[in-house]
Amino acid sequence: MEEKEDRPVVIIQPDMLPITLEAYARKTNQSLKAVRNQHSRGTIPTFQMGKAQTVYVNQAQMIMSSLEAAGWDIRVPKDIHAA
């Protein structure tokens, strides 16, 4: 039988809904042009819903990427978020 590593489990449920580029610019005290440039370069995670013109910043993905970069073992419980 394989030995499991003892490590704490942390459950994070941030309230980080997707927001528009404009709202993200205000929230981060940046110009809209700077945020649009980040979107164009792919340095912030964004998406569009269907054929809509509105581009959203995926704040949840930003959190996940930051935690992974810090060395956290990130898992999303699939049974909770399954479609």
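**Surface patch, core and helix contacts**

Val 10, Ile 12 and Trp 72 form a nonpolar surface patch of about 300 Å². Patches comprise residues with over 30% relative accessible area and no salt bridge, with nonpolar side chains (Val, Leu, Ile, Met, Phe, Trp, Tyr) joined within 5 Å and like charges within 9 Å. Accessible areas come from the Shrake-Rupley method with a 1.4 Å probe, and for residues only the protein chains shown count as cover. Val 10 is placed in the segment before strand S1 (19-20). Helices (H or I, at least four residues) and strands (E, at least two) are DSSP runs, numbered from the N terminus.

The model is predicted: local features need pLDDT of at least 70, side-chain atom pairs count only at pLDDT 80 or more, and totals for chains, interfaces and linings use all residues. Residues are numbered from 1 along each chain as its sequence is written, and side-chain values use heavy atoms, with hydrogens and water left out.

The largest nonpolar core has eight residues: Ile 19, Leu 21, Tyr 24, Ala 25, Val 35, Ile 44, Val 55 and Val 57. Such a core is a set of buried Ala, Val, Leu, Ile, Met, Phe, Trp, Tyr and Cys residues joined through side-chain atoms within 4.5 Å. Buried means under 20% relative accessible area, exposed over 50%, and partly exposed in between (1.4 Å probe, protein chains only). H1 and strand S3 (55-57) each give two or more residues to this core. H1 supplies the largest share, three residues. Ile 44 touches Leu 21, Tyr 24, Val 35, Gln 38, His 39, Val 57 and Met 62, not counting residues up to four places away in sequence. Contact here means heavy atoms within 4.5 Å.

One salt bridge is found in the whole structure. A salt bridge requires a side-chain nitrogen of Lys or Arg within 4 Å of a carboxyl oxygen of Asp or Glu. Glu 22 pairs with Arg 36, with the closest N and O atoms 3.6 Å apart. Glu 22 lies in helix H1 (residues 21-27) and Arg 36 in helix H2 (residues 32-41), so the pair ties together parts 14 residues apart in sequence. Glu 22 is partly exposed, at 33% relative accessibility. Arg 36 is also partly exposed, at 43%.

Asn 58 caps the N-terminal end of helix H3 (residues 59-69), with a side-chain oxygen 3.3 Å from the backbone nitrogen of Ala 60. Gln 59 is found in H3. Gln 59 is buried, at 5% relative accessibility. Gly 71 follows H3 and has a positive phi, near 95°.

Technical notes: Polar contact = N/O pair within 3.5 Å; in protein donor to acceptor, adjacent residues only side chain to side chain.
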